[in-house]
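Here are my notes on the model you sent. Please read them with the structure open.

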Amino acid sequence: MSLMKTLAKVAIGVAVAKGAQKMMQGGGARSSGQVAADGLFRGNHSPQTADAQAGNPLEGMMDNILGGGAAQGGLGGLLDQFAGSDGVDTAARPQSPQGLEDLLGGLTGGAAGGGLGGLLGGLAGALGGGGGGLGDVLGSQFDSTPQKAKTPSQDQEAAAGLMLAAMLQAAKSDGTFDQGEQAKLMDKLGDVSQAERDFVNRELQKPVDVAGLANAVPQGMERQVYMMSVLGIDLDSQEEAKYLHDLASALGIQPQAVNAVHDKLGVPRIYR
């Protein structure tokens with residue numbers, strides 16, 4: 001197993017637990033007079049299709065929707081699209097992430113000279129599109145993806161750990177991700193290693209800390225981390241909207257770039 005495979009599992013589990021059904025109902029997300037007619041949870045990807053109506057379980061639908069790399073669309077394809085700092089005020093962010101080593105601990109090779117050092121020093125290689133990019137590797141981890149799962153680099157494992165933390169923190173942001181839902185999510189992890197299971201459980205127990213998360217994000221990953229955070233919530237409360245606003249501000253993501261992420265996912269915008 002790997003953190004990348006764990007990220008795929010958690011993406012499905014959190015999406016199901018935290019409002020995936022709501023996001024996918026009604027055929028469109030309406031906010032501030034805008035209608036998202038297509039997106040990850042809309043249009044051709046919507047479970048309002050023949051396959052969904054045939055009675056496929058929600059988890060299977062989510063695997064089909066989220067699976068796939070850049071060529072197939074899905075979560076991996078979107079991650080590759082949002083690599084880089086377009087729409088991000090990089091001048092407002094630290095040049096190097098602070099707290100990333102504390103966040104990931106020994107999961108990716110231990111000390112900074114291992115996986116974490118690779119992430120800090122070789123970020124472009126980890127995030128780039130194409131056959132070896134982060135999104136393509138993540139897309140290969142879903143059961144619905146016909147290709148064989150690709151082995152992530154240490155850099156990509158570190159990036160997956162950071163995105164796991166982002167999704168899990170967002171899921172807790174409105175205070176409704178209760179112990180029962182958390183226990184169900186842990187059960188869905190399957191045959192992950194004990195270190196990976198401990199990492200997920202530790203992130204579930206941590207208090208919400210927007211500044212701490214933002215300080216751990218390397219330049220170029222801001223919109224990717226934000227996108228994974230949006231997937232962790234159903235965006236039907238002021239608490240969730242405020243959390244996303246605070247996170248976007250801490251990451252230096254401009255409102256128009258935030259709206260672009262929401263449009264790609266087919267979920268309501270938080271800015272007019």
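**Notes on the predicted model**

1. The crossing of helix 1 and helix 12 is right-handed. This is a predicted model, and the note begins with that helix pair. Helix 1 covers residues 3-17 and helix 12 covers residues 194-205. Their axes come within 10 Å and cross at roughly 45°.

2. Which residues bring helix 1 and helix 12 together? From helix 1 come Leu3, Thr6 and Val10. They meet Glu196, Phe199 and Val200 of helix 12.

3. Beyond its neighbours within four places in sequence, Val10 is in contact with Ala15, Leu164, Met167, Leu168, Leu185, Leu189 and Val200. Val10 is also one of the residues that touch the most other members of the largest nonpolar core.

4. That core has 68 residues. Along with Val10, the members touching the most others are Leu75, Leu162, Tyr226, Met227 and Met228. Helix 10, residues 154-171, gives the most to the core: 12 residues. In soluble globular proteins, nonpolar side chains tend to be buried together.

5. The axes of helix 14 (residues 222-231) and helix 16 (residues 255-265) come within 10 Å and cross at roughly 50°. Helix 14 and helix 16 are therefore oblique to each other. Their crossing is right-handed. Helix 14 makes the contact through Tyr226, Met227, Val230 and Leu231. Helix 16 answers with Val258, Val261, His262 and Leu265.

6. Now the whole chain. It has 16 helices and 2 strands. Of its 272 residues, 52% count as buried. Take the contacts between residues at least 6 apart in sequence: 75% of them join residues at least 24 apart.

7. How confident is the prediction, and what is the mean pLDDT of the chain? The mean is 76, and 69% of residues reach 70 or more. Among the elements, helix 15 (residues 238-251) has the highest mean, 94. Strand 1 (residues 29-31) has the lowest, 40.

8. Two stretches call for caution. Over residues 45-56 pLDDT stays under 50, and the model has 18 contacts there beyond four places in sequence. Over residues 110-125 pLDDT also stays under 50, with 35 such contacts. Where pLDDT is low, the predicted coordinates should not be read in detail.

Terms used: Residues are numbered from 1 along each chain as its sequence is written. This is a predicted model: local features need pLDDT of at least 70, side-chain atom pairs count only at pLDDT 80 or more; totals for chains, interfaces and linings use all residues. Side-chain values use heavy atoms; hydrogens and water are left out. A nonpolar core is a set of buried Ala, Val, Leu, Ile, Met, Phe, Trp, Tyr and Cys residues joined through side-chain atoms within 4.5 Å. Buried means under 20% relative accessible area, exposed over 50%, partly exposed in between (1.4 Å probe, protein chains only). Helices (H or I, at least four residues) and strands (E, at least two) are DSSP runs, numbered from the N terminus. Contact means heavy atoms within 4.5 Å. pLDDT is the predictor's confidence in each residue, from 0 to 100. Axes are lines fitted to C-alpha atoms, for helices over the stretch in contact, and angles run from 0 to 180 degrees between N-to-C directions. A crossing is left-handed if the near helix is turned anticlockwise from the far one by less than a right angle, and right-handed if clockwise. Angles under 35 degrees count as roughly parallel, over 145 as roughly antiparallel, 65 to 115 as roughly perpendicular and the rest as oblique.
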